[in-house]
Amino acid sequence: MEGSRKADSLLLTIRDLSIEGRSANGWTRLVDGIDLDLHRGQVLGLIGESGAGKSTLGLTSMGYTRDGCRIASGSVRFDGIDLVACGERVRQDLRGKRIAYVAQSAAASFNPAYRLIRQHCEVPVVKKVMTPDQAQADAIDLYTKMRLPVPNEIGFRYPHQVSGGQLQRAMTAMAMACRPDLIIFDEPTTALDVTTQVEVLAAIRNIVEQFGTAAIYISHDLAVVAQMADRIMVLKNGHMVEQAETRTMLAAPRENYTKSLWAVRSLAREAQAPAEPSATPVISLTGVDAAYGSARVLHDVSFDIHRGRTVAVVGESGSGKSTVARVISGLLKPSRGEIRFEGHTLKADYLARGRDDLRHVQMIYQMPDTALNPRQTIRDIIGRPIEFYLGLKGRAKEERICALLDQIELDPKIYIDRRPTELSGGQKQRIGIARALAAEPKFIICDEVTSALDQLVAAGILKLLERIQKDFELALMFITHDLATVKAIADDVVVMQHGRIVEKGLVEPIFSNPTDAYTKRLLQSVPEMDPEWLDRLFAGRREGDR
Amino acid sequence: MKDFLQTFKSAPPTAWFGMVVIAVIALTAVFAPLIAPYGETQIVGGQYEPWSDAFLLGTDNLGRDMFSRLVYGTRNTVGLALLATAIAFGAGSVLGIVAAVMGGFVDRFLSRIIDVIMAIPSLILALMLLTIVGASVASMIFVIALIYVAPVFRLARASAQSVVAMDYIEAARLRGEGLGWLVVKEVLPNIASTLVAEFGLRFCFVFLFIAALSFLGLGIQPPTADWGSMLKENATLISFGDITPLLPAAAIALLTVSVNFVVDWMLHRSSGLKD
């Protein structure tokens, strides 16, 4: 296929590129010997975990290296121009005009002090591609093409006045302003909810196809890349693992690393029979309402969690799923309703709860970086709950800490005296789990525990949680926005929207046959590995609209 | 122990300079009676005698040995400054962290009191309070500590607030930990480096403040030797082109600079550890 293209259709060629970053002991390789070809109108997907060098490679395609980085060797040629050798002026001229960049967080990339359209028009006017009036008219045209609501007016709003998904689309429109030959998308939908993500993906793909723009699409989510890219390149630790046409790559990955990335997506928990209705649930919420000040965030929330079972609470951001955790843990007092633990009512305020009630309800947090005190050693972090709740001291405490570290698959000899800053994200999260287990609880709340981690690391954490749950017959509440995680770990699911439960029950029946419209939309929005998925989804929606 | 030595080996020359000066001054303070050739208040010669073998740095306005007074002055000035700063830091940082951890009424109440202290210019407040309670060493330490509690409280509260927002504090609260544990074991270690840096800086301010008060006659009372009052007593000599009265001032400057060198290094080290 590549042979059939004309030679001059080659837009970007990277040969034997190595990039180094400054570290405490000299220079370390971030990207090592990468070759890359990109033809006009082609979309290349870059896949890899954090630290794989995806963003570094993406930025180098614009001839840009971050502070403290340097191009050690190799060449980057864009349409016949050597981006490494040519001066900064040439590169400046290309950027924005012929090569554009769309960043991960649109909210952080727009200047909050100016209206969107003013920021949009800046590049075409400065680069003398258009007059201000032309640029403005063109911006409105692009907003229409990006399917933004009220395209005539939306540009005159400030960044904080539009939603995250709209902002991301406005940024893509802005990148399109000079009709560049190449756009680099750096995880543009990672920060968005699944239902919003779908809209943004469709809009991006539509506009890229319309203008025949070449693109490099960086993401850690394989299913997303499958929708966008013609070709996929897998990176690991700065090396290329493999590269192939999207279909070939999805159907038959060659390397073990790629296969393991693929396999993560198909984790599934064995279905369990529904809980005995007569049994006393470990945690039971009945008719809980809650509010922050005058804003009500939970409406009549009721569900049970039984011994040895995992209940996933899913919903988009703002659906109130984290508030449920705050209410159960006693950080937020419900305005109505009650929470029962093994049959007895828990006090609304954690300060009023007895030590035993506190012990049995433990939390694992989303961000492992902020969940562990950086000034304490692992021994202190895990040892404290043991001493505090169980009264163990000295040898007994030490043995217990080591047993817990074994449990979370970290070698006590190596890790017991380390501090959190000396651990990786996944290891920190394991310590968080050990701290929760140290209290010997009956119920653990896991608040988005895998969302800050890479796929393979997250899969390890999920497996660990599942094993621990079996060993101790724990009741788990798993808050997540990722439906793949739900399949991997949960028995029951509670779907929330705008602070209400819209559907609850066993995972399998709800996932295969949702009754609520919102649940349906949520499930449909989860990207699948099939490259045709996005087309089918929108074809289906149009049918439905008629 | 090995780590400890390693740390010192890696110190930059400025920090070494600072540490050596501080060590010398500390030793001088401790062994003042052994070092000084004459007594603190002993009149040993004529007025304003020049530098000689008998009087290393000459004599002062009353004929006391300048060098001996400088040595004894170390003890008084540095010792009192250290004590006053320590009290201000003990009270200020504990109250600041408590305000941040408890929030609500306690926070507002403490913060308003501190605002009141800060609203009055410190030197005027000190002069007023010292006039009311009378100028004695104890009352001076109390007044200085009270004044310097305010900035320490504000700093401790502000840095503790960013720590209190962390999940590990929430985890500790949910565990059922008491206020003491939260303040001492969870928050304090995380803001300690900021507080240590501030301690160095504040120590210098307090030190200068005591010198200023002594210069104004409300600080350390004569005949006790003190660098600030020594400067005042011998100020007339400056008009004759003699640099002797500037020596106490130089000592003040040297110590201030040295303390800051060491603090800078410590701050640099602790911020490096965070990465």
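Author: Let us begin with burial and cores. A residue is buried if 20 or more other C-beta atoms lie within 10 Å of its own, exposed if 12 or fewer, and partly exposed in between, with C-beta atoms placed from the backbone. A nonpolar core is a set of buried Ala, Val, Leu, Ile, Met, Phe, Trp, Tyr and Cys residues joined through C-beta atoms within 7 Å. This is a predicted model, in which local features need pLDDT of at least 70 and side-chain atom pairs count only at pLDDT 80 or more, while totals for chains, interfaces and linings use all residues. Residues are numbered from 1 along each chain as its sequence is written, and chains are lettered from A and ligands numbered from 1 in the order in which they are written.

Reader: Which residues touch the most other members of the largest nonpolar core?

Author: In soluble globular proteins, nonpolar side chains tend to be buried together. Here the largest nonpolar core has 146 residues, and Cys446(A) and Ile144(B) touch the most other members. H4(B) supplies the largest share of this core, 16 residues; helices (H or I, at least four residues) and strands (E, at least two) are DSSP runs, numbered from the N terminus. A second, separate core of 78 residues includes Leu36(A), Ile183(A), Ala203(A) and Leu261(A).

Reader: What does Cys446(A) touch?

Author: Two residues are in contact if their C-beta atoms, placed from the backbone, lie within 7 Å. Leaving aside residues up to four places away in sequence, Cys446(A) touches Ile364(A), Leu465(A), Leu476(A), Met477(A), Phe478(A) and Ile479(A).

Reader: Is Leu83(A) buried or exposed?

Author: Leu83(A) is buried, because 22 other C-beta atoms lie within 10 Å. Its place is in the loop between strand E5 (81–82) and helix H2 (88–94) of chain A. Not counting residues up to four places away in sequence, Leu83(A) touches Gly63(A), Val76(A), Arg77(A), Phe78(A) and Arg91(A).

Reader: Which residues of helix H4 of chain A are buried?

Author: In H4(A), residues 116–126, the buried residues are Leu116(A), Ile117(A), Gln119(A), His120(A), Cys121(A), Val123(A) and Pro124(A). Their cover includes helix H5 (132–145), helix H6 (151–154) and helix H7 (164–175) of chain A. Just after H4(A), Lys128(A) takes a positive phi of about 55°.

Reader: Where are Glu473(A) and His498(A) found?

Author: Glu473(A) lies in the loop between helix H19 (455–472) and strand E18 (475–480) of chain A. Although not a glycine, Glu473(A) has a positive phi of about 50°, and the residue counts as exposed because it has 11 C-beta neighbours inside 10 Å. His498(A), in the loop between strand E19 (492–497) and strand E20 (500–506) of chain A, has a positive phi of about 45° and is likewise not a glycine. With 15 C-beta neighbours inside 10 Å, His498(A) counts as partly exposed.

Reader: How many helices and strands does chain B have?

Author: Chain B has eleven helices and zero strands. Its C-alpha atoms fill a box of roughly 75 × 50 × 30 Å along the principal axes, and 39% of its 275 residues count as buried.

Reader: Which residues of chain B does the UniProt annotation "transmembrane region" cover?

Author: UniProt positions are given in the numbering used here, feature names are shortened, and annotations may be inferred rather than shown by experiment. The unreviewed entry places this annotation on residues 15–36, 78–103, 123–149, 199–220 and 246–267 of chain B. In the model, residues 78–103 of chain B are 96% helix and 0% strand, with end C-alpha atoms 36 Å apart. Residues 199–220 of chain B are 82% helix and 0% strand, and their end C-alpha atoms lie 22 Å apart.

Reader: How many residues of chain B are in contact with chain A?

Author: Ten residues of chain B are in contact with 15 residues of chain A. On the chain B side, helix H8 (167–175) and helix H9 (179–216) each supply at least two residues, and H8(B) gives the most, with five.
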